Amino acid sequence: MESLLKIYLNPKENLKQIKEKPLSYSNLILLLIPFSLFPVIGYLIGFTVLRSNYISSINQFIDLLKADPKADPSTIEYMNKILNMLQSSDYSKMFIFLGIVWLFEIFKPVFLSALVFFFGKSFGGEEDPLKVFNLVGVSIIPVWVAGLSYMVNSPVNAFLMFLSSFYMFYLIFIGSEKVLNVPSENSKNFQFIIVIVIFYVILSGIIGMLQTNLIKSLL
């Protein structure tokens, strides 16, 4: 934990730890699994402890969607299912929801690592999947921690997720040179992170739709 804090406080200096002493796959997975539960815990607190506030915010959001003629009906249907789940205190559906959320969260470092590995070597970086997985794992932890904010269905959550995602890409950008040896000449490391962001956003949108449709089908 101390080494993680050092990396987050001074990534330009301390990300080299990943290059010098990367964790094994098994140790890294053991490190990541608890952090991947943070978004799930956030939702769980919102669905139980802060249930009345969560229901109120969903009702307000649904009213806004209904007032917008361009709103996607499937989004309204999805939010209504979440609302009905909370109003009826259906804990079996809640745990189905939380289980799906966790499965998709734990998949994030896998597909992001695949992107970083593929484009890293395309931009002249080192082909080392273990170092890539270490870099992505360390970078995605702040996003998962920010997922605790799912307990409040508000713009605060969106703002925190944006900041944490920005920091995740910043860490990958710094690590592309410090850990993966992507050359900085001709701004190759900058081009690398731009491509990663574009593909991550596109794929996250597709995966997000799959997650939403799966939840709708099971609730």
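This briefing describes helices, aromatic pairs, a surface patch, loop residues and salt bridges in one structure.

The model is predicted: local features need pLDDT of at least 70, side-chain atom pairs count only at pLDDT 80 or more, and totals for chains, interfaces and linings use all residues. Residues are numbered from 1 along each chain as its sequence is written, and side-chain values use heavy atoms, with hydrogens and water left out.

- Helices here are DSSP runs of H or I with at least four residues, numbered from the N terminus.
- Helix α10 covers residues 155–178, and its 24 residues should span 34 Å at 1.5 Å a residue; the expected span is 1.5 Å times one less than the number of residues. The end C-alpha atoms of α10 are 34 Å apart, which agrees.
- A residue is buried under 20% relative accessible area, exposed over 50% and partly exposed in between (1.4 Å probe, protein chains only). The buried residues of α10 include N157, M161, S164, M168 and F169.
- The cover over the buried residues of α10 includes α1 (2–9), α2 (11–14), α8 (91–122), α9 (129–146) and α11 (188–218).
- S139 lies in helix α9 and counts as buried, because its relative accessibility is 1%. Leaving aside residues up to four places away in sequence, S139 touches M168, L171 and I172, where contact means heavy atoms within 4.5 Å.

**Aromatic pairs**

- The structure holds 15 aromatic pairs. Rings of Phe, Tyr and Trp (its six-membered ring) pair if their centres lie within 6.5 Å; planes under 30 degrees apart count as stacked, over 60 as edge-to-face and the rest as tilted.
- F118 and F119 form an edge-to-face pair, 5.0 Å centre to centre with 80° between the planes. F118 is partly exposed at 46% relative accessible area, whereas F119 counts as buried at 12%.
- Ring pairs also link Y43, F47, Y54, F97 and Y150 into a cluster.

**Nonpolar surface patch**

- F190, I194, I198, F199, I202, I206, M209 and L210 make a nonpolar surface patch of about 760 Å².
- Patches are made of residues with over 30% relative accessible area and no salt bridge: like charges are joined within 9 Å, and nonpolar side chains (Val, Leu, Ile, Met, Phe, Trp, Tyr) within 5 Å.
- I194 is found in helix α11 and is partly exposed, with a relative accessible area of 39%.

**Loop residues with positive phi**

- S89 is not a glycine, yet it has a positive phi of about 50°. S89 lies in the loop between α7 (73–87) and α8 and is partly exposed at 29% relative accessibility.
- N181, also not a glycine, has a positive phi of about 60°. N181 lies in the loop between α10 and α11 and is partly exposed at 33% relative accessibility.

**Salt bridges**

- Side chains of opposite charge can pair when their charged atoms come close. The structure holds four salt bridges, each a side-chain nitrogen of Lys or Arg within 4 Å of a carboxyl oxygen of Asp or Glu.
- K216 and E77 meet in a salt bridge of 3.9 Å, N to O. K216 lies in helix α11 and E77 in helix α7, so the pair ties together parts that are 139 residues apart in sequence. K216 is buried at 13% relative accessible area, whereas E77 is partly exposed at 38%.
- K108 and E105 meet at 3.3 Å, N to O. Because they are three residues apart in helix α8, K108 and E105 are separated by about one helical turn. E105 is buried, with a relative accessible area of 7%.

Definitions and conventions:
Helices (H or I, at least four residues) and strands (E, at least two) are DSSP runs, numbered from the N terminus. Accessible areas come from the Shrake-Rupley method with a 1.4 Å probe; for residues, only the protein chains shown count as cover.
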